[in-house]
Amino acid sequence: KGSQGGFYQSKEFLDLVKSIGEARSKAEEDRIVLSEIETLKRRISEPDIPKRKMKEYIIRLVYVEMLGHDASFGYIHAVKMIHDDSLLVKRTGYLAVTLFLNEDHDLIILIVNTIQKDLKSDNYLVVCAALNAVCKLINEETIPAVLPQIVELLAHPKEAVRKKAIMALHRFYQKSPSSVSHLVSNFRKRLCDNDPGVMGATLCPLFDLITNDVNSYKDLVISFVSILKQVAERRLPKAYDYHQMPAPFIQIKLLKILALLGSSDKQASENMYTVVGDIFRKCDSSSNIGNAVLYECICCVSSIYPNPKLLESAADAISRFLKSDSHNLKYMGIDALGRLIKISPEIAEQHQLAVIDCLEDPDDTLKRKTFELLYKMTKSTNVEVIVDRMIDYMNSINDNHYKTEIASRCVELAEQFAPSNQWFIQTMNKVFEHAGDLVNIKVAHNLMRLIAEGFGEDDDTADSQLRSSAVESYLHILGEPKLLSVFLQVICWVLGEYGTADGKYSASYITGKLCDVAEAYSNDETVKAYAVTALMKIYAFEIAAGRKVDMLPEVGFQALDYKFILCKCILIAVFDVVDYLHLLVILC
């Protein structure tokens, strides 16, 4: 410990850290940091600064940048430090440049030669520091300058160096796959490294390689399964345990790799069943990391060729997630179930009520994830429950964009799985009532088209009942005080087309209702256009049927304004031009 306090840090630096920690506002913090910047600018430009002092100044510059201020005036001094022979100074310099610079910075050219030299050092700590810088700072153009030395380091006696060399090659692959395409065999060899850390690091580049080309790595399935089995049986050193779970991060990466290799491949999947089943049985679900491994097992099971026993184990794990009080575990359960029902839809039925209950959870993210899953789970036997809950959920949120999406999904499910005409119409009414003008106009058009065309099953009776139900429902709704524009457009169109079709309501009754709409919403040109259009159609239908037409006084009043909205009616284009001629005869 240094005489000036701290681990070789001056009291001045410790006071700086303390004062920033005690700052009561961002403005006060900025004043302290700006003062420190001015001090460092002055100190760092002094001649013959001792190494210990320069090291502290660079650390203080790192602190300045961490707080969001510019310390670029000191970058060159950090670069100079990596050329120093002192290990402590060199490592501090490497730490600073990896934080200060990016791969395209102009100063990179000044450190490449030093990195090349340090990669050949006899001191493995210097080599590790250089490898850290390689991962962060070497760009595509400078990869060839250091690549040969990185490959040599794969055989270094120190496991830390081999591990960082693998990480450097992985970084090169991410930046420029073609630059290391001839070195892929090195990753395969390091998979058999005696050190679990090196082997674990090798899994990361292999995962990327397998993602891009699964078939080229099918021969490694047995090796991956063998490694996973060793990990699950706790054959790795205790140092790799985390919360009493054996090397959980290696397990997770291996399960991700096996999921890729076993997808749509029965033979490869059969080699995995035993070890994945063992992990399900041995996993500790009382800790977060144990649940993370369980979740990855479920993802793996949902990707590989299906196995009934594993599907059952996955369903049991999902059940525990959904019953948990933790929002995070519930979210994992919803996400995992969404994956599993793609290959085993019947599993959804077991958890339907638990999933629906998640819509009552206060966590917004969980609600949205639940909504997505419910959409996937819906079928003719549960559509009523799910759509009703989705509409209730839509009514409880304030996000208009999300309301629009839910409304569209509800309409889609109602069209696809409606158990009856009456339920379909009632559901559509609820969507328009709760979403209002947020409902996409295409939804209104699709509803009108569906009512006009029927359900496409050549059942005229069912189609007539659908239209009659719509008319009955809409006449009742017109008694409500305030309706939204899009909904009124649908109502007017339906009454104009089918208001008198079944003979239950007279033309005078329907036209009276339409006149009320036109009068009540006279400021809405679109609604008024739909109402007048409907009036024209009803009278045209009556004349065409040879029935006597009794003109209501309100119709004459609305007709005075028909020229004003005639263009609007033509744009709507929902009736035959002969309707105009018939109506004009009436009006004359």
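Let us start with a cysteine that stands apart: the sulfur of Cys410 is 18 Å from the closest cysteine sulfur, that of Cys358, which is too far for a bond. A disulfide here is a pair of cysteine sulfur atoms within 2.5 Å, and by this rule the count is 0. Cys299 is in no disulfide either, with the nearest cysteine sulfur, that of Cys300, 8.7 Å away. Cys410 is buried at 0% relative accessibility, and Cys299 is buried at 7%; buried means under 20% relative accessible area, exposed over 50%, and partly exposed in between, with a 1.4 Å probe and protein chains only.

Before going on, a word about the model. It is predicted, so local features need pLDDT of at least 70 and side-chain atom pairs count only at pLDDT 80 or more, while totals for chains, interfaces and linings use all residues. Residues are numbered from 1 along each chain as its sequence is written, and side-chain values use heavy atoms, leaving out hydrogens and water. The mean pLDDT (the predictor's confidence in each residue, from 0 to 100) is 86, and 91% of residues reach 70 or more. Over residues 1-6, the pLDDT is below 50, and it stays under 50 over residues 556-588 as well.

Now step inside. The largest nonpolar core has 193 residues; such a core is a set of buried Ala, Val, Leu, Ile, Met, Phe, Trp, Tyr and Cys residues joined through side-chain atoms within 4.5 Å. Ile150, Phe172, Phe224, Phe280 and Tyr474 touch the most other members. The largest share, 10 residues, comes from helix α27 (residues 485-498); helices are DSSP runs of H or I with at least four residues, numbered from the N terminus.

Charged side chains meet too. The structure holds 28 salt bridges, each a side-chain nitrogen of Lys or Arg within 4 Å of a carboxyl oxygen of Asp or Glu. One of them joins Glu497 and Lys537 at 2.4 Å, N to O. Because Glu497 lies in helix α27 and Lys537 in helix α29 (residues 525-544), this pair ties together parts 40 residues apart in sequence. Lys537 is buried, at 2% relative accessible area.

Another salt bridge links Arg339 and Asp335, with the closest N and O atoms 3.1 Å apart. Both residues lie in helix α18 (residues 327-340), about one turn apart. Arg339 is partly exposed at 34%, whereas Asp335 is buried at 12%. Asp335 is also in contact (heavy atoms within 4.5 Å) with Lys369, a residue of helix α21 (residues 364-377).

Note on methods
Helices (H or I, at least four residues) and strands (E, at least two) are DSSP runs, numbered from the N terminus. Lists of a residue's contacts leave out its neighbours within four places in sequence.
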